[in-house]
Structures are given as C-alpha cells and as structure tokens.
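Visitor: I have a structure to go through, and a few questions about its annotated sites and its chain contacts. Shall we take them in turn?

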Protein chains: 6
Amino acid sequence: MFLHDKHLQFEAKPVNPDPLMAKKVQELIGGQYGEMTVAMQYLFQGWGVRAGNEKYKDLLLDIGTEELGHIEMLATMVARLLEGTSLDHQEEAMKDPATAAVLGGMNPQHAIVSGLNARPADSIGNPWQGNYIISSGNLLADFRSNLSAESQGRVQAVRLYEMTNDPGLRDMLAVLIARDSYHQNLWMQAIKELEEKEGSKIVPTTFDRAQQREDIAFSLYNHSQSEESKEGSWAEGETPAGDGHFSYVEKPPFEGEIPSIPPSPKSVHNTLPEDKL
Amino acid sequence: MFLHDKHLQFEAKPVNPDPLMAKKVQELIGGQYGEMTVAMQYLFQGWGVRAGNEKYKDLLLDIGTEELGHIEMLATMVARLLEGTSLDHQEEAMKDPATAAVLGGMNPQHAIVSGLNARPADSIGNPWQGNYIISSGNLLADFRSNLSAESQGRVQAVRLYEMTNDPGLRDMLAVLIARDSYHQNLWMQAIKELEEKEGSKIVPTTFDRAQQREDIAFSLYNHSQSEESKEGSWAEGETPAGDGHFSYVEKPPFEGEIPSIPPSPKSVHNTLPEDKL
Amino acid sequence: MFLHDKHLQFEAKPVNPDPLMAKKVQELIGGQYGEMTVAMQYLFQGWGVRAGNEKYKDLLLDIGTEELGHIEMLATMVARLLEGTSLDHQEEAMKDPATAAVLGGMNPQHAIVSGLNARPADSIGNPWQGNYIISSGNLLADFRSNLSAESQGRVQAVRLYEMTNDPGLRDMLAVLIARDSYHQNLWMQAIKELEEKEGSKIVPTTFDRAQQREDIAFSLYNHSQSEESKEGSWAEGETPAGDGHFSYVEKPPFEGEIPSIPPSPKSVHNTLPEDKL
Amino acid sequence: MFLHDKHLQFEAKPVNPDPLMAKKVQELIGGQYGEMTVAMQYLFQGWGVRAGNEKYKDLLLDIGTEELGHIEMLATMVARLLEGTSLDHQEEAMKDPATAAVLGGMNPQHAIVSGLNARPADSIGNPWQGNYIISSGNLLADFRSNLSAESQGRVQAVRLYEMTNDPGLRDMLAVLIARDSYHQNLWMQAIKELEEKEGSKIVPTTFDRAQQREDIAFSLYNHSQSEESKEGSWAEGETPAGDGHFSYVEKPPFEGEIPSIPPSPKSVHNTLPEDKL
Amino acid sequence: MFLHDKHLQFEAKPVNPDPLMAKKVQELIGGQYGEMTVAMQYLFQGWGVRAGNEKYKDLLLDIGTEELGHIEMLATMVARLLEGTSLDHQEEAMKDPATAAVLGGMNPQHAIVSGLNARPADSIGNPWQGNYIISSGNLLADFRSNLSAESQGRVQAVRLYEMTNDPGLRDMLAVLIARDSYHQNLWMQAIKELEEKEGSKIVPTTFDRAQQREDIAFSLYNHSQSEESKEGSWAEGETPAGDGHFSYVEKPPFEGEIPSIPPSPKSVHNTLPEDKL
Amino acid sequence: MFLHDKHLQFEAKPVNPDPLMAKKVQELIGGQYGEMTVAMQYLFQGWGVRAGNEKYKDLLLDIGTEELGHIEMLATMVARLLEGTSLDHQEEAMKDPATAAVLGGMNPQHAIVSGLNARPADSIGNPWQGNYIISSGNLLADFRSNLSAESQGRVQAVRLYEMTNDPGLRDMLAVLIARDSYHQNLWMQAIKELEEKEGSKIVPTTFDRAQQREDIAFSLYNHSQSEESKEGSWAEGETPAGDGHFSYVEKPPFEGEIPSIPPSPKSVHNTLPEDKL
C-alpha cells in the first residue's frame, strides 16, 4: 500500500524554460534506463521476494518507492521547461531562425498530446514499456541488473548535466547523479553479500556444475583473425569466481555437423526438396 | 566483415520432437536476454569502441560473433523440435486430450507463419526488438550490462534444462550454460580491470564528484514503516567503492516545495484555473 | 514523494494455486486497462495539473497512489497462484492430460523469466506500454478517459470473477470491482462538475465555436444502405450538450474534389507520370 | 463490404507546403487518438454487435466508415504539405538557417521511406498499433471509450488549428473539429440511452452488486497528507449513479497482512531463504 | 470517401464453434501479412499516387477497399467460432482434459477483453502495427511488396485450410485463397507493365547507374567455405534484368581498413583510450 | 558458426561529420528495410531450409552473412558522422541558428544513450524489431519478400545519396546501391528458377487449385464509381501465371448475408439485446 506526500523530495525548478531540453530530459523519465524502469523493476522484484528474505524485500520496496518520487520530480521539471510555450501561429514564428530551431526540434507531442506536460516516453518519444525491466526471482541476477541500470542511468544523467548551464536543472541532476552513485554502491554491496552467502559468483549458484560442459567453461574463443583480445586478463590466469583458469583458443573447433533437417509434411506447403520439385 | 562456416559450433539435436518445448526454447533466441540480444549488444558495443581500446573492441567482436552461432544452434534446435508436426485436420486431432494439450499449447505462428521453423521472438511470441540492447560508449557501464545479461541468460537456460529430460536438448543447454558461465567470469574480470585502471567503481568515473550532491550520496532512505532493510551491509560501514560510509535515514526529509506550475497559455486549451472557469 | 506501507491494503490470497488463472489475472496488472495503466495515467495527469486546480491535482494523486497498491495486490496474487509450480521434467508431466493442459496453457515466461512471479504484461504476455495512458492537460477530456478506463477495467474484472470459484481470488476481485464502481461514480461526478463550471459539454470548451464548421456539427451521416442507425436518439431532437438539434443525412454529400497531387521532384525517385515513363 | 468514392468528403488543400506541419498533422492520422484509431475502433465494435442490437451495429459501422474517409483527407493533406520538397543536397541547404530548421525538424521518414506521403504513424513517427483501440462487446463501456476518444481527438485538432495560419489547413481542421463535436454529442446521447435502458450507470450493469464489496464502493481514500481532494463533490452527497452516498476516508485502513510467499521449488533456481543460503 | 454495405461480400459461417481455431484465424486479421496489412498498405499507397498515374491510384483504392471487407468477413468468422463460449467457473471446467486443452489454449483476451469478438491482433495476440505496411511512392517497389504480401498471405491461408475440417470455415478460406491467387496475378502483371514502361527491372529505375559501383553489381560473394550457392543460375549467365552477367567470387576481397574512430570529447564520458585511463 | 574479419568489406569514411545525416543514415541500419532486416531475414530463412535444398541454404547464409558486414559499415559511418560532437552547454550553442538547427534536429539518443555511436533503430529512433522479417519455409514466397526488401532498400539508399554531397558517404552508398542491384537480380533469378521447377507462379504452388474458388480467381472487383483501374493489363487478357484470363467486374456482387450473431452467454456481460435491456 502506498502513500503520497505532496512535497517533492528535492526541488525541480529550472531557471528558464527550454522546450528542447524538455525533450531531452524525457530520457530520464521513460527511457530504457529512466526512472520508470528502475521504479517498476525494484517494485516487481520486491513483490516477488519470498519468505526468509524480508531484508531484501524491504530494501527493494524502499528504493522502488524512492524512484517513484524521482519520476515526479522529472515530470515537474519537464512541465516547467515547457512553461509558457504558446501554440499560436507556429508557422509564423518559424520565420525567426532561432525560434524555428526550437519549434522544429521540440517534441511535437509535448504540444499536441500532453498539453505541455511530461510523457511516459523517452527523449525520442518511444513509449516506456514493460520489457525494459527484469525481475527473475533470482536476486543475485537481479541485483546485477540493478547495478547495470544505475550505471547506465548515471551515464545518461551526467551527459544531460554537461548539456545544460541552467543552475536549476543542474541542481536537480546533481541530486539524481548522487543517488545513482549511492545506488551503485548499494547494489555492489548487496551483490557481494549474496555472492559470499551463496558461495559462488556464477549465477545461478544453485545449479550443479557437473551438469554443464565444464571443459568449455573457461575458454575465450577467438572468432577472428585478430588477437588483441588475447591481451586481456580474461584470457589467462585464475577466474574472478575462483572456479578455474582462463584459457585462449585461437581457432575455435566445431563439434557440430552441418545441420540437415528432413523436409516437413506436405500439409505445411514448404518448398519441397530439389529432386521432388 | 563476417564469414560463415556451415558447421554448427556445437550439436543441436533433440532425441524427440516436442512442439511445446520448441515454444519455450524461443526464449533463448528472441527473449529480452536471448542470444539475439547478446549478439547484437556485443557487436554494437564493439563497433563503437574508439581508437586506443582495440583490446576491448576485439573482445566484443569475438564474443558477439560467437553468439551469432548460438542463435544458429537454437534455430536448428527449434526446427528439429517441430519436426514432423502435421497441420492436417487439427480440430480432429484435438479429440485426443494429450494431443489437444500440445496443439492448444504450441506457438500457432510456428505452424502458420514460419513453416515449422524458429521465429525471431521469445517464448510468448513477442518479437525481438532493438531496445533490448544497450551500447553506451562507456565500457564499464556496458560490461556491467553484459554481466547482467549473462546472469539472467544463464538463469533462464538452467530453468529450461530442469524442464526437459531430452538428452539431446540437455547436451546443447549444457554447452550454453557453460559458455554463460565463462562469459560471467569474463565480464567480471573485464569490469575489475577497468575499475582498477579508471581508479573508481562509480560509473562514469570521469564525472567530477564535486558536482554531485555528495551529502546525499551515501544514505539509504527508508521509504516505509519497515526497517528490515537497515540490517543489510548497505546501511552502514564503508562502501565497496571505498568512497565513503553508508548511513541509514529512517525518515527521508524533503527539500522540495509542493510544486505549483502556472497555467499554460490559452492556445493550449488546457483546463483553466478554478477561479477562471 | 511516495511512502510505502508493507501491508496490503486488501488481502490477496487464493485458496489454491492455479497457473492458468495466474496468466489470466495478468490482464488486470499490465493490460490496456489494467492497474499499471490507471496508476500511471492518474499520476501523470496529477503531476501536470496547474496552479489554481489543486483540488483536482490532489484527487488524481490520491487515486493514482491507491492504484499503485492494486498492482501490488495483484502481483502478490499472481505469485501465490503460481506457488509450488515445479519445473522438473515437464515433458514427463505432459503425459497426464490434465497436467498437460495446464503446462501447455500457462504463460511460459512465468516459469522461465520471472521465477513464478508477476510480469509487467497482460494476459497474453504483451508488455505494458506508456502509450496505454493519456494525460492531455485538459481535465474534462482526461476525466472522460478515466471514466472509460474504469468502465473497461470493471468489465474485465467481472469477467475474471465469473471464470473462477476460488473464494480467495473472488474476495480480492470483489474489492477491485467495488473500487472500480466508486471510481466510475467519482469520474462521472467530476465530469459533471467541470461541465457545469466550464459551461459546455463539448471538449475543449474553450474553443471558439464560430471557428468550426457549425453547419455540419449536428448531422449523422449515413454511410451505408442501411437505416437502422436513424432510429437512435442521436438522429433527431436536442443534443445532450444543448447546443443544437440532431439531424440525419441519408446520402452524405461530398464537398471535396477527386484529389490530384503533382508529381514529386525527380530526386525522390517516385514513379513518374504515365506519360513520362 | 465496402465501397469507395474517389471524391474527398471535404477538401484537403493547404495554401502552402510546410513539411514541419506535415509532421505534426500525422498525430491526427496515426496517433493514439487519431483517425486510424476511431475508424478501427468503431468498425471492430460494429462487427462485434450481436443480434437484437442492429441499431447500434449500423451506427458504429456508419461512423467507422466515415472515419476511414477522414484518414484519406488527412493523408492527402500531408502529401500536399510535403509537395515540392526536394532531397537534393540537403547538407548544402542546411547552410541557410531557416531551411535548416525545417530540414532538421521534419520527419526524415517522409523523405526516405514514404516518398513525401503520409505514414501510418503519429507526429513523432511511432507506428499506429492495434492496442490503441478497444472493443469489449459491452456497448456502454465502449461508448464511454468512444466519447473519450472524440474528446481527446478534438483537443488535439484544436491545438493544431491554433498552430497554423494556413487557411486551407484551417478549413479542413474546422471540418474535423465540427465532426468531433457531433461525435461527442452522439456518444453522450447513446450513453444516456443505454444507461436508461439498462437501469444503471455502473458498467457492467449486469453484475450482481451483492457480489462486490459494497461497503467500500463509495469512499474516497485519501492517500496523502493533503486534503484538497475532500473539497470535490465526489467526497460527499449522492452519487451520480444514484446508488449511494459518497464518503471521505482520511486515513485509509488496511485489511491485508504483510504478504509472505513460501520459497519456490528448487528447480526454479530462485534465491533461497536467508537461513538456507 | 467510403461507403458500407451491410452484406458480407462472401459468407463467413463455421459449422461449429471452435475457440482454438478462433485464435489461429486471427493471423489473417492482424498478422504481419493479414488483411489489416494489405488493406492499409493498398490504401496508403493509393492515397500517395500522384497526378498522371490515375490508373494505379484507382487500382490500389479498389483493392484496398476490397480488403476492408475481408477484415469484416474474418471478424465475423472469429465471433462465430467463439459463439457460446461461457466464462462460468472455468477452473471447474478444466477438470475435463479435453475442455482443459481448449480453455488452456484459447486466446484469453477473446474472453476477458473483447467479449468473444475478434481482436486487431495476430494468432499470438501481438497487436497489428503500422510498421507492417510499406508505401514508398515508388510503385514498382511497392507492387513487389504487394506481391510478397499476397504470396505470404496465401501460404498462411492455405495452412489454416489444412488445419480444419469445418466446411463453413473452409468455404470462406477457399474464397480468400482464390482472391490471393488473383492478387498475385494482378501484381505480377502490374510489375511487368511498369518494368516495360520504365525500361529496367532494377528499382528505382530512375537512378543513374554510373553513380553506383557497377564493378561489384553482378557478383555473388561466397561468405563461407561452402560452394553450393555457386550451383544456382544467379552465379553465372545473363541477369534477368539484362543489365550484365553474373559472376561468382569465392573469396570476397575487402577494400576497407580496420576501422579506427578517434576518442569522443570528454563531455560524452565514454571510456578513455587505454593510455589515458 | 560465424567468423569475423576486422576489416570493413568496403570503406565507410565521410569527409565531414554531420550529426543530422547520422540520424538519417540510421534508416539503413534499423529501419523496416534496413540491413538488420535483410541480415536477419536471410539467416532465419537459411537456418530453416530443409534437406534437399542445400543450394538455397548456402545462398541465403552467404548473403545474410554479407549483410551483417553492411550493418558494420553503416555503424562505423554513423560513429564518424557523429565524431567530435560535444555535449558542452548545448543551450548556449543554440544561440547560433545554424548550430541550433543541427542540435535541434539530431537524434538526442545519439548523445544521451549511445555515446555518439549507432543505434539499432531507424531514422526516427523506432527500435528494430523481429516482426520486420519473414521466414515462412516456402522459398518462393520468401524470395519474393527478399526481392521486395532489396527494392525498397535500394529506393531508400538512393534517396540518401541524393541528400548528400559528402564524397565519402556517397562512396559507401554507391557500394550499397550496387549490392542492392545485384541482390535484386539475384532474387529475380532465384524466383524464376523456382517458378519453373514448381511449374506454377501462384504461391504456394502445392495447393490443389480445385479447393479454391476458381470462379472468382481472375476478376478485378471495381469497388468504386471510378473505372480507371479497368485500363490496366490486369483487367483482361491472359494472366502472367498462364492459369486463366483476367476479367473486370464493374459492380462486385455479394454472396454473404447481413451477418447476425446470437447474443453471448450472460457470464460475458456483453450488452443484452434491445428487447432484454
């Protein structure tokens, strides 16, 4: 059950409107790694945590709830960046080149569809979608996905920070960038904790290693004529999981045959074999 | 530039056809964390690597090229699991309950659209899409996304392994599970290497920390009445990045005001303020 | 800013697991008119309400926050309906026809992807998407969309109620159906209030009627040889908006010409006119 | 069975080409509430009407058929707005700032993909999709969705009207705005008719009210610390459906427990409980 | 401008309801090559035909209008295949294995969302989308796409014909299959006509051949160690377009360098070169 | 199994960066008819070819593998067109109108998401998706789809060629245009070969013609009051398939009744018939 406090957790006030920046900031709302993604990802993961792992459940629901408030801050920011945009006679306005660049570049749905408000979409206008998130029930796998999301998210927020001089927008981004910083530390720590408890770093840790092809579980296959990849620490030495030693295979062998699948039944109306055509 | 060898890298031969398993195996081809995702993700990342990082470029292109061959193995497996399925008078066949369950449960597009072949789609039939992948130009962020993908991918392959008794299908899954195992080690190692070189674990490492809100960069905000999350190692002690100490905030304060945005211009035809209606 | 209470607002406990019903219940989570839709729709509308309409802003955020808790109840319900589902050797299990029907019919991603938890998707598995929602900044238009959503949502919840005998599932659905009942009343009332204040029922009420083609604003055009549609109260008499009288036009006239568009520039490489080919 | 008359029902001739306006007008073709949506929505609803409701069937098919002609008018308008656009050496042309704004802002697929013709997409370029429409078989629910669509649609057409000075484009929009005006009246009237006949305003009217949680069917739950929402006519007094009296609940109680779901079977490879890790 | 005749152009009456077949028949409505695709593809192509090509415009609009009637026939067929399906207590009904297979296999949205009517979606439930169609303004390119669509469409209709014994369903499919047969002939003929008029078979025929790399315009590049592809008539002899002679290149040479792209500006926060990390 | 050669097959070096052209070139990477489409389409078709048709299998895999290299060339081109784009203070930079047009018009995800690299998306930013491709198992149908794809693809590449003066970009486009030229010849030839072998041009050739409605398989139905379409060679004379003679039907008759479907069961809660309301 959720409750709402009308205050923004942090301020979201640009000094000046800027419809083009409004379009770009949408990436942090409804992009692949925007706040809708992390909010929904943490909440769905949290709702799926089973008895005996209440600590992780509470953590996920706390952070997911925090992220809902980030969507709110960003939606407020977008509305303010669009403040005062008038629709009057835009084709007239286009005669001024500077205005033209703004009117030509802004997200037309901010004017036509949402009435100068945020959209549940990214900086291009692609709608957010459920398949951006993952919740697998395996927390070690999921925490790695969370670390990935916070890393990509912070890269994007930092790029937006570089793009703007507006002190108000920068203030808000400085908050989001700091929280992404904490969340990276958080998931790194939670991953470390789980890896130690589960006694392995290879997810899922509960699968019997004897059932996988252990003989091919440590080799870098070189699929090219180039050998730069051999120079990395992933091509020799002990693995970070401590389960073996890396090796390098210059010419990956093949075990499989050239595949041949019998013709399908006539009722399927696929192309018959050459000799029956 | 790519070349193709007609041999499968590893064998892909089920002992028996099984149209329902064909539907499920599709998850590993065109799902969010299927082989189309990792192949395209590594290739796009590789194509984007800039001068001075040839080692990472070669690595990404080697592994991306390997994954193309995994799609091929899985596509062959799906075609063979569908071998011999006849379309004749299926409503007649439905009178046998066991057959009915198979015909009712199989992916209808395997029969109607692809002629008993694999589809570029997941186990439900959702088409694969470009937004499943990420390539940000920031390799540390991207390698974390790669570790996430290999972790989720191995979880899914392991679940399919549990679902089947077919020795041929299990043999192929044992290969994929082992390669996912190597790839997890690989990306963990590459992450470690980059974190050491870049001297930080907080992505992007190149952003000036003084510009983020450092005062809120270490706190777990408790957004609920529950305090289980306080028990984790992410609520006190040094951070894994070594950049500070975790803290726990029972009642997250707010800094923002209750947001108030002025009415929009008349030309937008939004609802006017209550006193002007 | 949001807060979370660990309690479910209402109970979500089925008496028996049922993986097929788990698939169907997903429609209420991630379908076009599921709880993700109404939660996000009300929140985005609320975040966009401008100064002077605080009453509507508070209302939208209250109800949007309530709906977040409904996603939570439904996600819990789905996890419990999936409780105990084992992946072991499903192809063996398929030999029993009753089991086969369940295994053939259940959502395969519930097993392979989400680890027996809810997905942000509908009863087919289509991911939820941002384009399911609308927030236009015009509250009268939006409240009508909200009434539409609650009407479609209650129809779907009622159909699920009919499909099941499980007392626990029915208890939860009885809650959702009652809340949809309140929400229909709520939006009807808010619509009435706004229509009265704005002095018109034709949205947007602020557009100067003299600018529209008033001469064609009251006619039912008969686009067929059938005339049953003439029998409705929409073909004669005063309009519900009280702005004129309905009429019926048996053969809709045309004003436009047969359109003819000049050939495009050569650089476009469209097909040339017949006489230049 | 459909027939086509080559004449446009209304004229669709802009005075001047304008590639940027062409991009924006696309919202009315392939947007969430564009003409493809209402055409397909009314046709699918009409095809689903059952025996005994011929009047509604004829109505839906008449209006759906009218809307097909609106797509045609808009597609013609877009082609004419794009008239004369040359692809020659656009990077040269970009040196003139005014031209640059147009070339930078126009929809690139209008040039590259459709050869200066309309696309089945919105003003951003998102393709139209079947999930924009609803046809539930429950006409009262569906007519409310139709009223919602015509309300959102007219808001968007009005905004486009404000954006342009072109008399030809305004003439066509004045037609669409007038028809949206009629269609709002039409669906309001049809809703009234059905509500009266069915004897209830709560959709579906055929569900036995005793089966829903009637005790919670009239309350506004306040999910925040703010109480502005209490001021609305939806918080006290008789409901518009006349089925009870509204009430206001300051602190919504919870009935549910803190949910706890047993660990899943080992074969799923979810994270084990803390004490078994 | 469109008109509607209430009669179905051809009958659409199955002898028996069959909810599973209803799901499968959806492929012909809203699939990639279903009737929504061809209807919208021909109409958008027709609306885009320019002055001087009226014959093609009329043709496209005639056939597009015919296809609208095919959607209608199929939607009627689906509703009748779903006739009489009751939602009552489906979990009870699941105890009978034959019923279970049907209830487990049918499209749940046919029950929950559309009230036993057709959906604008394919046999899996993926919504139809605008990006299934193409209208390029180049009629020769588009007629080839039309021939492709009618070929794929007829393959799918034939497969459905094989799946059923129902005489009523077969009668309707026999109509669609025959019309697909005519439409294949039609587009082949129109392609031939245009190729002759335009004096070339290589689309677009208006591009100056001197501007393409004519030296590599006739070679089959062998990208594998296998040489079966050399056996085709596409590897030697005159081309069907009569513009040259095919050749076979066993080892495709490369002209390009190993690509090297300079590091991006610091503000982008991509990974720095190895020697600057 | 695939191998990679680090060299680009052909050079991909623009003379000057151009972020707007980078956006447009994306159409050839991830558009409906871009290189991702043809690569995946040929590979999936190739993987599905059955025993006895090795020649076609090898051909499809050779060409599919070639197309993978085209994605690589285009991705390299896009990165170079974006070379040197700085994110610094873009709102400052917007004060120069020429710069503003570029910054307003470029794809914001090229800056924010991909770090100045290519995206798996089209010129608008719509992500590539699996449903762009077709692989039906019927090679004659599929080769026609391939010819369609190469025709649309070449039209698009030619339009891009016209848009640019950059000699480096033109050199690469001249390569792609030439290869599309070969591929059109290739698929035309393969189609001719298969049509001859299968003894028919109507796909699928294996369906018994006696089962289709042969009486309606040769008629152009005129669905309008216009008769221009009668002038085409598709309205009389022998069909290109040689299976009959075309005819023209001025007023298409109807065979079907006005459809009437009985009311659905009460449990569905659809609208009842008029006389039961």
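Visitor: At which residues does UniProt place the feature "binding site"?

Guide: This is a predicted model. The annotation comes from an unreviewed UniProt entry. The positions spread over 167 residues of sequence, and in space they reach up to 47.3 Å between C-alpha atoms.

Visitor: Is Asp58(A) buried or exposed?

Guide: Asp58(A) lies in helix α3 (residues 54-81) of chain A. A residue counts as buried if 20 or more other C-beta atoms lie within 10 Å of its own. Asp58(A) has 25 within 10 Å, so Asp58(A) is buried.

Visitor: Which residue of chain B does Asn222(A) touch?

Guide: Asn222(A) sits in the loop between β2 (219-221) and β3 (237-238) of chain A. Leaving out residues up to four places away in sequence, Asn222(A) touches residues of chain A including Glu227(A), Tyr248(A) and Pro252(A). From chain B, the residue touched is Asp62(B).

Visitor: Which element gives the most to the side of chain C that touches chain D?

Guide: The contact involves 98 residues of chain C and 97 residues of chain D. On the chain C side, the elements giving two or more residues are α3 (54-81), α7 (139-163), α8 (167-198) and β2 (219-221). With 15 residues, the one that gives the most is α8(C).

Visitor: And which element gives the most to the side of chain D that touches chain A?

Guide: Here 42 residues of chain D are in contact with 39 residues of chain A. Two or more residues each come from α1 (19-30), α5 (97-105) and α7 (139-163) of chain D. The most, six residues, come from α5(D).

Notes: Residues are numbered from 1 along each chain as its sequence is written. Chains are lettered from A and ligands numbered from 1 in the order in which they are written. This is a predicted model: local features need pLDDT of at least 70, side-chain atom pairs count only at pLDDT 80 or more; totals for chains, interfaces and linings use all residues. Two residues are in contact if their C-beta atoms, placed from the backbone, lie within 7 Å. Helices (H or I, at least four residues) and strands (E, at least two) are DSSP runs, numbered from the N terminus. UniProt positions are given in the numbering used here, feature names are shortened, and annotations may be inferred rather than shown by experiment. A residue is buried if 20 or more other C-beta atoms lie within 10 Å of its own, exposed if 12 or fewer, and partly exposed in between; C-beta atoms are placed from the backbone.
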